[in-house]
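Here is a short briefing on one protein model. Look at the structure first, then read the points by topic.

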Amino acid sequence: MKHLMKISLGLALSCCLPLAQAQTNPKVVDLTSRPGVIQRMLVLAPAQTKAAVILLAGGHGGLQISPEGKINWGKENFLVRTRQLFVDQGFLVVLTDAPSDRLSPPFLRDFRETPEHVTDIKAAIAWVRSQTKTPVWLVGTSRGTQSAAYIATQLAPPDGPDGIALSSSILVDSEGASVLSMPLEKLQIPVLIVHHEQDGCRLCPFTLIPKLMNKLTDAPRKQLLSFTGGENIGNACNAAAHHGYNGLDNEVVGKMSDWMLNK
């Protein structure tokens, strides 16, 4: 499928720069991922690209990115708020929104494990591959791990990612498929598991992490990065709690980046 691209005029100056050059401001890229459906992405490029990450936020996933690049929901989500830290590590960063046919409630709820979602992110992966020859990673946090894990089980490279990183994985879920319930044993790409040992979200108990690691039987590389400490504020499943690595952004992104870049 040929994917159409539209770049927001409000960011035309930054869009004129090659992605290999330093880019202070993000740009908005709109892809036609399915007939009549637009997949919007916020793209940030480093001075020199070492790898690419497609970031999949948690919650309902409807970031409602404006044509000018403003994020109207989820600014405190772990992956949303740390996007520049990934750029600083040398990643081409692509932050995905809900597609144009899911821009109202429930957004990505009941959608993350569907063929349509796979098609949308497949289009994003293809676009990234057209911009860089470096490895492309899917990185999901919380509900975003359901997207990343499911898509990786459905698409092998080059249509799928070269690796996945799952942060604060959904391990128990009565509303849909938990990451643990997916056929992770079929994955033949590197898998990074990131989790806070004190995550208080009932859907993400750290006690189930060994079971998750044991399912990655065919992954050529796999690693658990576990963390302790930081701040724990409010709802246990929100970004200000241990679930979102509050107060640990630099440490978490730094260690994730080192592993994904195989340092």
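Predicted model: local features only at pLDDT ≥ 70, side-chain atom pairs only at ≥ 80, totals over all residues.

Helix α5 is mostly covered, with 11 of its 12 residues buried. The largest pocket holds about 430 Å³ of space. A search of the whole structure finds one cavity of 30 Å³ or more.

**Helix α5**

- Helix α5 runs over residues 143–154, and at 1.5 Å a residue its 12 residues should span 16 Å. The end C-alpha atoms are 17 Å apart, which agrees.
- The buried residues of α5 are Arg143, Gly144, Thr145, Gln146, Ser147, Ala148, Ala149, Tyr150, Ile151, Ala152 and Thr153.
- Two of the partners that these buried residues pack against are β4 (51–56) and α4 (115–131). The other partners are β6 (136–141) and β7 (163–167).

**Thr145**

- Thr145 is part of helix α5. Its relative accessibility is 0%, so Thr145 counts as buried, the cut-off being under 20%.
- A polar atom of the Thr145 side chain lies 3.2 Å from the backbone nitrogen of Ile170.
- Beyond its neighbours within four places in sequence, Thr145 is in contact with Gly140, Leu166, Ser167, Ser168, Ser169, Ile170 and Val179.

**Largest pocket**

- The lining of the largest pocket has 24 residues. Gly59, Ser142, Cys237, Asn238 and His243 lie nearest the centre.
- By class, seven of the lining residues are nonpolar, 11 are polar and six are charged.

**Second largest pocket**

- The volume of the second largest pocket is about 190 Å³.
- Its lining includes Gly59, Leu108, Arg109, Asp110, Phe111, Arg112 and Glu113. Arg143, Gln146, Asp173, Glu175 and Gly176 also line this pocket.
- The lining of the second largest pocket has two nonpolar, three polar and seven charged residues.

**Cavity**

- The largest cavity has about 50 Å³ of space.
- Leu56, Ala57, Gly61, Thr96, Asp97, Ala98, Leu108, Arg112, His117 and Ile121 line the largest cavity.
- Five of these residues are nonpolar, three are polar and two are charged.

**His117**

- With 3% relative accessibility, His117 counts as buried, because the cut-off is under 20%.
- Not counting residues up to four places away in sequence, His117 touches Leu108, Phe111, Arg112, Ser147 and Ile151.

**Gly230**

- Gly230 sits in the loop between β9 (222–227) and α7 (249–260).
- Gly230 has 41% relative accessibility, so this residue counts as partly exposed.
- Gly230 and Ala241 are 11 residues apart in sequence. Their C-alpha atoms are 8.6 Å apart in space.
- His242, Asn246 and Leu248 are in contact with Gly230, leaving aside its neighbours within four places in sequence.

Conventions
Residues numbered from 1 in each chain as written. Heavy atoms only, no water. Helix = DSSP H or I, 4+ residues; strand = E, 2+ residues; numbered from the N terminus. Expected span 1.5 Å × (residues − 1). Buried < 20%, exposed > 50% of the residue type's maximum accessible area, 1.4 Å probe, protein only. Contact = heavy atoms within 4.5 Å. Polar contact = N/O pair within 3.5 Å; in protein donor to acceptor, adjacent residues only side chain to side chain. 1 Å grid on protein atoms, 1.4 Å probe; cavity = no way out; pocket = protein on both sides within 12 Å on 5 of 7 lines; lining within 4 Å. Points joined across faces, edges and corners; volume = space filled by probe spheres on them. Nonpolar A, V, L, I, M, F, W, Y, C, P; charged D, E, K, R; others polar.
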